[in-house]
2 protein chains.
Amino acid sequence: MSGTRDAILDVVEELIETRGYNGFSYSDIAERIGIRKASIHYHFATKADAGAASVARYAERIEEAIGDALASPSPDYWAILDAYVQPFAAFADSGSRICLCGALGGEFGALPEPIQARVAAFFREHEAWLAQLFAAGRDDGAFAFAGDPIVLSKTYFCAFQGALMVQRATGDPSQLRDCMRSLTEALNSAA
Amino acid sequence: MSGTRDAILDVVEELIETRGYNGFSYSDIAERIGIRKASIHYHFATKADAGAASVARYAERIEEAIGDALASPSPDYWAILDAYVQPFAAFADSGSRICLCGALGGEFGALPEPIQARVAAFFREHEAWLAQLFAAGRDDGAFAFAGDPIVLSKTYFCAFQGALMVQRATGDPSQLRDCMRSLTEALNSAA
DNA sequence: GTCTATACAAAGATAGAC
DNA sequence: GTCTATCTTTGTATAGAC
């Protein structure tokens, strides 16, 4: 049992979401959880290890939340989409955080390779899942759009990742909401 | 005459676009232009100064390129939009760079305040300009979309900023292209 | 305007006691 | 598991010669 390990991951997650991977140090972590820098190395040998573990836990937690929603007998596609977006909307409300992977995307070239790989996988998996959702939802009649579900899923994902980033920077409280409205319309705009 | 000053700004720009603000040092700059670290301080007292100057120059260069396209007698709105997007598409082609301000958006909380301010202004200005373009283009009959031009401009801007980030991370060469296709359709999708 | 030399703090990491 | 102590390297910045 290691509550400290989880506490470290919690703090690392928050630090990356607010400051990026290269914007914090072991000192920052130590201060926030009230231990010494050296103690962190017991749980994570290197900063890259802590970062990679944080991204992995984040990605898995979100994937778990999505779960097998699409496998249910008669899915409510709009509800599934709402549930998917909700954790990301929480970032926008925070005023200081964005999606962990979106934050890392900005400094991609300066990330340790294992972190790069996990971030890239996150993007691919989420776009693929959205494409599945959109395709199934259109088959079901819940969504009505022309064109390739894959193309729409890419646009949807990129738009809300971008919206989180822009909303935090500008402070415009309706940035994400406005983008989501457009994207919702795109899902409703029959051929 | 200070060719060195411009050389420094060129390098800082490239370093931010590939690695983010906290992902490079005065050493990196010095190595690339073949001078000593200390010499950089003659041109920019602090790293924050160099960063702020780099963002300012970048933002002004792009604004200049946009110019007063909208003020011309009978503007070709599609051509103006293509010209606007082109420099950003070049980032996608590079495989390693993204928009300088998009890169900085990921580590926003770890940026010096003057840089934060300039990045936020960049986002606001570009969304406002796009909104103007979309509104005028619809009045002209070049574009056909329902809804608020401001809402569409936010979605457009966020989607392509996000697409640059995702394309670099995943290596998917059609990420930006697919997003642009969706967005183009949105501008053509009458009520 | 660029150099050498140096200061000073911070970062990531290790050794070994408790 | 956490501590103190320490090491090494790097990052940013300054002083002063050329």
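Does Cys99(B) count as buried or exposed, and at what relative accessibility? At 0% relative accessibility, Cys99(B) counts as buried, a label that applies under 20% relative accessible area, with exposed being over 50% and partly exposed in between (1.4 Å probe, protein chains only). This is a predicted model, in which local features need pLDDT of at least 70 and side-chain atom pairs count only at pLDDT 80 or more, while totals for chains, interfaces and linings use all residues. Residues are numbered from 1 along each chain as its sequence is written, chains are lettered from A in the order in which they are written, and side-chain values use heavy atoms, leaving out hydrogens and water.

**Interface of chain B and chain A**
- Contact, meaning heavy atoms within 4.5 Å, joins 41 residues of chain B with 41 residues of chain A.
- The buried area, which is the accessible area (1.4 Å probe) that the two parts lose on being put together, summed over both, is about 3,300 Å², and carbon and sulfur atoms give 62% of that.
- On the side of chain B, Lys154(B), Cys158(B) and Met165(B) lose the most area to chain A, together 16% of what that side buries.

**Salt bridges**
- Four salt bridges (a side-chain nitrogen of Lys or Arg within 4 Å of a carboxyl oxygen of Asp or Glu) are found across the interface.
- Lys154(B) and Asp178(A) meet through their side chains in a salt bridge, at 2.7 Å from N to O.

**Cysteines**
- Over all chains there are zero disulfides, a disulfide being a pair of cysteine sulfur atoms within 2.5 Å.
- The closest cysteine sulfur to that of Cys99(B) belongs to Cys101(B) and lies 4.9 Å away, which is too far for a bond.
- Cys158(B) is in no disulfide, as the nearest cysteine sulfur, that of Cys179(A), is 4.0 Å away, and Cys158(B) is buried with a relative accessible area of 0%.
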